[in-house]
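Reader: Could we go through this model together? I would like to ask about sheets, helices and packing in turn.

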Amino acid sequence: MLKGYKLRLLPVLFLVFSFVLAQSSVLTSARGEAVIQGVVMDALTGKSIPDAKVVIWDVYAYKRTVIETDAEGKYSFNVAPGNAYILYIYSDNEETEGFDYVPKKSYTFTVRTGETVNLTCYLVPGASVLLTGRIYDVRSRPARMYFVEVIDPLTGNPPMQNLRPDNFSLISSWGDSPDVKRMGLSRELVVIPAGVTVDLKVWTKSLTIRRPLRPVDIEFLVDNKGSHYHLSQGEVVEADLSWYSLRETIKIVRAYWDETWENLGSMESMGFYLGDLKGVMRSVRREIEAAEELWTQGKFLEAFNTLIEPYWVITVKVVYETSRMWMIAESSAVFMPLFPAFFAITMGFFLFEDTKKKILSSCIFYMASFALLYYVYPGFQVVEKSRLLLISSSVFISVLFTVFGLPRMIKEPDVPSAYPLRAVLSVVFSMSKRNIKRRLSRGILTITSLAILVLAFTAFTSFGKALGILTEPVTGFHPPSSGILIKNLPLPWEEGIEEPYIRIVPEEVDAYREHPNVVLVSPLVWASAPEPDQPIGSLRIRDQEFEVFGILGIDPSLEVKVTDISQTLISGNISDLESPGGVLISQEAADHLGVEVGDILPFYLRSLGLYKNLTVVGVIDSASLSRVIDINGESILPFRKVTREGQVTYARVEASRVIILNWTALLEKGQPLADMSAISRLAIQLSDQGYVKEFVRGIVFSREYTVWVSANGQVRKFYLGEAVEMGGLAIVVPLLIVLLNVGLVMLSVVNERTREIFILTCVGFNPTHIASLFLAESIVMGLVGGGIGYLLGLSTYRLMSLFSIDIVVRQKLEWYWSVIGVLLSVGAAVLSAVRPATRASMKVTPSIVKKVKLSEKEKAKREEEIWRIYQSQRITMPVKIKDREMVFFSSFFSTRMREMARGIYEKVRDYGESEVKTPEGDLIKRFNFKYVILGEPGEIAIINELTATKKSGSEYYFLTLESKPEKPGIPGTYLDRTIRVLRDLLAEWEREREKILGET
């Protein structure tokens, strides 16, 4: 019966046991238990490693848990199931100086509920490298993070050291890598495999020091100064990042120098003269070598500061100036063919009289001078060959046509009058060049002197703009303190930057504070709304609201040493801004909101809601704040965008609408104000005032910032810009020599040609004509000498490049220097010939006569006595008449003749018309009249015949006038008067022609 009872009890016990198991499972699930366990052993010996650190990293919770292995090297840890985990295992024996084993990292795995994961790890023996110093790189701003890779020197890849298979891999990435942060180790620690030859590859990413900002990859090798790392287990050594990064940056600057020097050589082969830039590059090379010497001595900061200016010179100054030279040469090459064209024609006219010889010699001289220019002028090398050939051919043909062809097509009216200077220019210049060739030795001497002058001016003088540091005093205020103020302002040549300042990155604050000579760095942060005319936020309490348009961020403990901001406080203490959430508000805001020091004030950002509850730590006087100035004399109030006349511009925020916070609160990462805030300036004070100049030069060159230096109550501004450079002003000496030389030659010529001057006077040359003759000689020699001198000057640049003669002079690449050179030659020649020409004009004219000022009546009377007409003059009239208009013209002309017949002092007599047709079919119509003028001797008559000729097949009549005196020897002014009257009559016909034809 008992047995039957037991049998009946079994199902019940089974049910109870099942229930207990179910409850146990439920409880286990509720507790979330899963287990990670394993053993940590030495990969070489296979022995367990006690007290090894095991880091369990919860990937989802972003949480680290650290446990240690027991005496048998075992570890076990309960984890929440369903999460992903990564295990990090490392061991560091405190008895040794460095790490004893290289940390390992497991793969990412997930643990299920109730699962036990066994992970056995074999640690590889290791050693430690401790990183010291900082990373120097002249190309970029200070880097915030860096990463280190342990690599095999032969392959460049991480060393393979998994001696026994497991589910772990060696940690080979250090520095600021995520693995190091998860293990909680120092970024300065690098653990390498012991007994293995390795190097460390350090790399980081930063931004360029100049705009536009671009990322820069910085990478260098830490290789134990060339001998690599091969350490025993537990050994530790130090590696100075300053030494290795500087070695790399010196190498980079040297590579830039080599590349730039090669580019300069390529430009020199094209004809560019770069003596001044090559001199600068040689100086830069010496500075690089000086930086390298400082680096070997362990003076890393001094070495880095020494490299700053060479890097700027190579990458900015040289690039800027060579690019500018290239651009000028390319643009001037279009106009440069004009010079050899005019020079060739000048030489043709100077050497020959025959027109054909002039044209042929001009072509020869043009080809020769153009070939020379092609070799010595770099602009011709820059321009495409086909384009250059087209331009040069077109220019020369145009100039030839203008000089030789156009005068043949345009026949000037033959108007009898006195002999003005313009009428005798061709005769004067022809006589002048003959006189020069007649006295060839003197002519050659003078031309040579002028050519040397222009050569010296072209090759040995320098006028241009150079890039460098400019400085100027800033006056009109008393600086609040001594020190250095740094701003990132747009440079003069930068376009598209509308902001009044450019932000300075926060990393630079730390970089300056690490400088050994810097004792104070006070940043000033500005914040305003990105939209125009909008507040950045508002202060609200109860039902009151006060709009804020700008925020000022300061370092309260340091700013009071730079500006007088502490003097603006009405109540409170500025040092309380050090406390979290502290704020200074204006008296207007305090009155409007009804708050005082110690009150809590909510601050709402526009369209973002509540930003933070601020504690009022002080109230400031707005008027005083608006008068606070910085070291450079400008207000410390922030800017905001405003709309004026439809344009968005920047204006200072009213002091009453500004609140003041701690600068770190404005730039706090992840906070909404960080995107609207920027460091506007840095105020710096140095411990060694003798280091100011070097410090400022480094900032201007490396960052291209604008810097103000305040000392002894005076302020100077330093910035990058273009300065006008002038060199070779000693050219004044050869100029004076040339003036004296040409003057002496012309004086001797005048004295020798006294008889010739008398003869010229007898044939009608007046003193002005005689002076013009000698001045023309100087002009001819100036033109020839100027052209030759300019060609020689350009050739001198080429010769100096070939023989490596480097002088501080800028090549004259602009096309207009050819014009200036010729004008200089002509001007020097004319200036030196003025006095001799004046003496020549006075040879036969007493000086007393020249000094007498005649009245207009006396001048006219004298002119009548000198200029008389004895024969007929034929003149082509600038009028043509259509065939169908001739009837109307005849009627118009006869009407005017009849009207003029009734004159008193001037009248027309014996008017008549005739018309004939020649056997060739030409129609000739003649208008004959006598023009009578009442003069002092009585009536003076001029017999005139106006002839209208229409060639066969032509539609036009062409007019010519033939006039002759009724009695020979009448004054020429009467003939002039007759011609002017007829021209006025023909001009009236042109004006009234359409009206006459229309009425008819």
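Reader: Which residue stands opposite Thr876 in strand 39?
Author: Thr876 stands opposite Thr960 there. Helices (H or I, at least four residues) and strands (E, at least two) are DSSP runs, numbered from the N terminus. The model is predicted, so to speak of local features a pLDDT of at least 70 is needed, side-chain atom pairs count only at pLDDT 80 or more, and totals for chains, interfaces and linings use all residues. Residues are numbered from 1 along each chain as its sequence is written, and side-chain values use heavy atoms, with hydrogens and water left out.

Reader: How many bridges join strand 35 and strand 39?
Author: Strand 35 and strand 39 (residues 956–965) pair in the antiparallel sense over 7 bridges. Two strands count as paired if DSSP finds at least two bridges between them.

Reader: What is the strand order in that sheet?
Author: The order is 35-39-38-37-36, in an open sheet of 5 strands with antiparallel pairing. Strand 35 (873–882) and strand 36 (906–917) are at the edges; each has a single partner strand, so one side of each is left without a neighbour in the sheet. From one strand to the next, the twist averages 20 degrees. Axes are lines fitted to C-alpha atoms, for helices over the stretch in contact, and angles run from 0 to 180 degrees between N-to-C directions.

Reader: And the sheet with 4 strands, what is its order?
Author: That open sheet has the order 13-11-15-16, again with antiparallel pairing. Its edge strands are strand 13 (173–175) and strand 16 (215–222), each pairing on one side only. Here the twist averages 30 degrees from one strand to the next. Strand 11 (residues 147–151) and strand 15 (residues 199–207) are joined in the antiparallel sense by 5 bridges, and the bridge partner of Glu149 in strand 15 is Lys201.

Reader: Which helix lies across strand 15 and strand 16?
Author: Helix 3 (residues 241–269) does, running at about 115 degrees to strand 16.

Reader: Turning to strand 21, is it mostly covered or mostly open?
Author: Strand 21 (residues 537–541) is mostly covered, with 4 of its 5 residues buried. Buried means under 20% relative accessible area, exposed over 50%, and partly exposed in between (1.4 Å probe, protein chains only). Strand 21 runs antiparallel to strand 22 (residues 544–548), joined by 5 bridges. The two form a hairpin with 2 residues between them, and Arg542 in the turn has a positive phi of about 55 degrees. Strand 21 also pairs with strand 26 (residues 600–605) in the antiparallel sense over 3 bridges, where Leu539 stands opposite Phe603.

Reader: What does Ile551 touch?
Author: Not counting residues up to four places away in sequence, its contacts (heavy atoms within 4.5 Å) include Trp526, Ile536, Phe603 and Leu661. Ile551 is also among the residues with the most contacts inside the largest nonpolar core, which has 192 residues. A nonpolar core is a set of buried Ala, Val, Leu, Ile, Met, Phe, Trp, Tyr and Cys residues joined through side-chain atoms within 4.5 Å.

Reader: How far apart are the end C-alpha atoms of helix 18?
Author: They are 30 Å apart in helix 18 (residues 732–752), which agrees with the span of 30 Å due to its 21 residues at 1.5 Å a residue. The expected span is 1.5 Å times one less than the number of residues. The buried residues of helix 18 include Leu739, Asn741 and Met746, and its buried residues pack against helix 11 (440–460), helix 19 (754–762), helix 20 (767–802) and helix 21 (816–841).

Reader: Finally, where is Ala71?
Author: Ala71 is in the loop between strand 3 (63–68) and strand 4 (74–79). Its relative accessible area of 69% makes Ala71 exposed. Leaving aside neighbours within four places in sequence, Ala71 is in contact with Ser48 and Pro50.
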